[in-house]
Amino acid sequence: MGAVGHRVAVYGGDGRQEEHFQLPNAVFFQSSRFGGNGELRRFEHALRAGRIGEVIILRKWNGHSGTTKVRRLCRQLGVPCRVV
């Protein structure tokens, strides 16, 4: 999963999802509902900076606008993105 040296980002929820995922080298970003727009901006910055090698979006805990924005950015940057 992800490029060597890059992290897998999990986007969605309220920050407690980390306990449900056994992903080494993962970083978690809260949905806008829980983390506000600042969390989404922090996530976008990490993507653009090349620190994220793969993205997993938690569909159940995200709004359509945040999911669409992240998927579009991943496509532009060539970062693999899965919605689960």
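The legends below accompany an overview and several close-up views of a predicted model.

**Overview. Order of the elements in the protein chain.** The protein chain holds two helices and four strands, which follow one another from the N terminus as β-β-α-β-α-β; helices (H or I, at least four residues) and strands (E, at least two) are DSSP runs numbered from the N terminus. Of the 84 residues in the protein chain, 38% are buried, where buried means under 20% relative accessible area, exposed over 50%, and partly exposed in between (1.4 Å probe, protein chains only). Because the model is predicted, local features need pLDDT of at least 70 and side-chain atom pairs count only at pLDDT 80 or more, while totals for chains, interfaces and linings use all residues. Residues are numbered from 1 along each chain as its sequence is written, and side-chain values use heavy atoms, with hydrogens and water left out.

**Close-up A. The aromatic cluster of Tyr11, Phe29 and Phe43.** Ring pairs link Tyr11, Phe29 and Phe43 into a cluster; rings of Phe, Tyr and Trp (its six-membered ring) pair if their centres lie within 6.5 Å, and planes under 30 degrees apart count as stacked, over 60 as edge-to-face and the rest as tilted. By this rule there are two aromatic pairs. One of them, Tyr11 with Phe43, is stacked, with 5.2 Å from centre to centre and 25 degrees between the planes. Since Tyr11 belongs to strand 1 (residues 7-11) and Phe43 to helix 1 (residues 32-48), the pair ties together parts that are 32 residues apart in sequence. Both Tyr11 and Phe43 are buried.

**Close-up B. A surface patch of positive charge.** Arg59, Arg71, Arg72 and Arg75 gather in this patch on the surface. Patches are made of residues with over 30% relative accessible area and no salt bridge, like charges being joined within 9 Å and nonpolar side chains (Val, Leu, Ile, Met, Phe, Trp, Tyr) within 5 Å; a salt bridge is a side-chain nitrogen of Lys or Arg within 4 Å of a carboxyl oxygen of Asp or Glu. Arg72 lies in helix 2 (residues 64-77) and counts as partly exposed because its relative accessibility is 44%.

Close-up C. Gly66, in helix 2, counts as buried because its relative accessibility is 8%. Its C-alpha atom is 9.2 Å from that of Gly12, although Gly66 and Gly12 are 54 residues apart in sequence. Gly50 is placed in the loop between helix 1 and strand 3 (52-57), and with a relative accessible area of 32% Gly50 is partly exposed.

Notes. Accessible areas come from the Shrake-Rupley method with a 1.4 Å probe; for residues, only the protein chains shown count as cover. Lys and Arg count as positive and Asp and Glu as negative; His and the chain ends are not counted. The place of a charge is taken as NZ of Lys, CZ of Arg, CG of Asp or CD of Glu.
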